[in-house]
Amino acid sequence: AVVSTQSTGNLTDEEIVELRKLFVDYDGDGSGELDVEEMKNLVDNLKIVTTTDDLDIMYSVLDSDGGGTIDCEELMNTIDGFMREVYSGNEVEESFSQLCSSVVENSQGDSQGDKVITAKDLA
């Protein structure tokens with residue numbers, strides 16, 4: 001599979017190279033696309049704690065063309081999109097505080113009682 005060399009605007013050349021390497025490392029079957037199991041391995045090895053619901057949501061966001069797999073371009077474009085906005089520490093703290101308050105007020109909040117807010121809690 002061919003991995004595009006198109007620049008993404010917010011990522012440095014070094015970050016693009018690292019993302020491509022990461023992608024290839026976790027593309028176990030060499031198809032040029034990550035399936036759900038390969039994505040789960042990537043997330044697990046990056047020590048990102050997720051539930052099955054979280055992984056499903058993450059996968060659907062990354063699979064921007066709805067093809068059922070994630071190609072390197074989709075991964076880079078999504079990460080690039082996340083990097084477009086730069087927030088100060090105070091802005092992040094305020095947003096997180098508002099999010100937590102909203103979850104508690106408008107839903108059952110921490111559905112597992114484990115002091116972790118999951119995608120399911122936000123739904």
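Analyst: Let us begin with Asp 63, which is found in the loop between α3 and β2. Please note that this is a predicted model.

User: Is Asp 63 buried or exposed?

Analyst: A residue counts as buried when its relative accessible area is under 20%. Asp 63 has a relative accessible area of 10%, so this residue is buried.

User: Which residues does Asp 63 touch, not counting those up to four places away in sequence?

Analyst: Contact means heavy atoms within 4.5 Å. On that basis, Asp 63 touches Gly 68, Thr 69, Ile 70 and Glu 74.

User: Where do the buried residues of helix α2 fall when seen down its axis?

Analyst: The buried residues of α2, a helix spanning residues 36-45, are Glu 38, Met 39, Leu 42 and Val 43. Viewed down the axis of α2, they fall within an arc of 135°, so they line one face of the helix. These buried residues pack against α1 (13-26), β1 (33-34), α3 and β2 (70-71).

User: Which residue caps the N-terminal end of α2?

Analyst: Asp 35 provides the cap, with a side-chain oxygen 3.1 Å from the backbone nitrogen of Glu 37. Just after α2, Lys 47 adopts a positive phi of about 65°.

User: Which residues make the nonpolar surface patch?

Analyst: Residues in a patch must have over 30% relative accessible area. Ile 57, located in helix α3 (residues 52-62), is partly exposed at 41%. Together with Val 61 and Phe 82, Ile 57 makes a nonpolar surface patch of about 300 Å².

Notes. Residues are numbered from 1 along each chain as its sequence is written. This is a predicted model: local features need pLDDT of at least 70, side-chain atom pairs count only at pLDDT 80 or more; totals for chains, interfaces and linings use all residues. Side-chain values use heavy atoms; hydrogens and water are left out. Patches are made of residues with over 30% relative accessible area and no salt bridge: like charges are joined within 9 Å, nonpolar side chains (Val, Leu, Ile, Met, Phe, Trp, Tyr) within 5 Å. Accessible areas come from the Shrake-Rupley method with a 1.4 Å probe; for residues, only the protein chains shown count as cover. A salt bridge is a side-chain nitrogen of Lys or Arg within 4 Å of a carboxyl oxygen of Asp or Glu. Helices (H or I, at least four residues) and strands (E, at least two) are DSSP runs, numbered from the N terminus. Buried means under 20% relative accessible area, exposed over 50%, partly exposed in between (1.4 Å probe, protein chains only). The arc is that of the directions from the helix axis to the C-beta atoms. A polar contact is a pair of N or O atoms within 3.5 Å; within protein, one must be able to donate a hydrogen and the other to accept it, and residues adjacent in sequence count only if both atoms are side-chain atoms.
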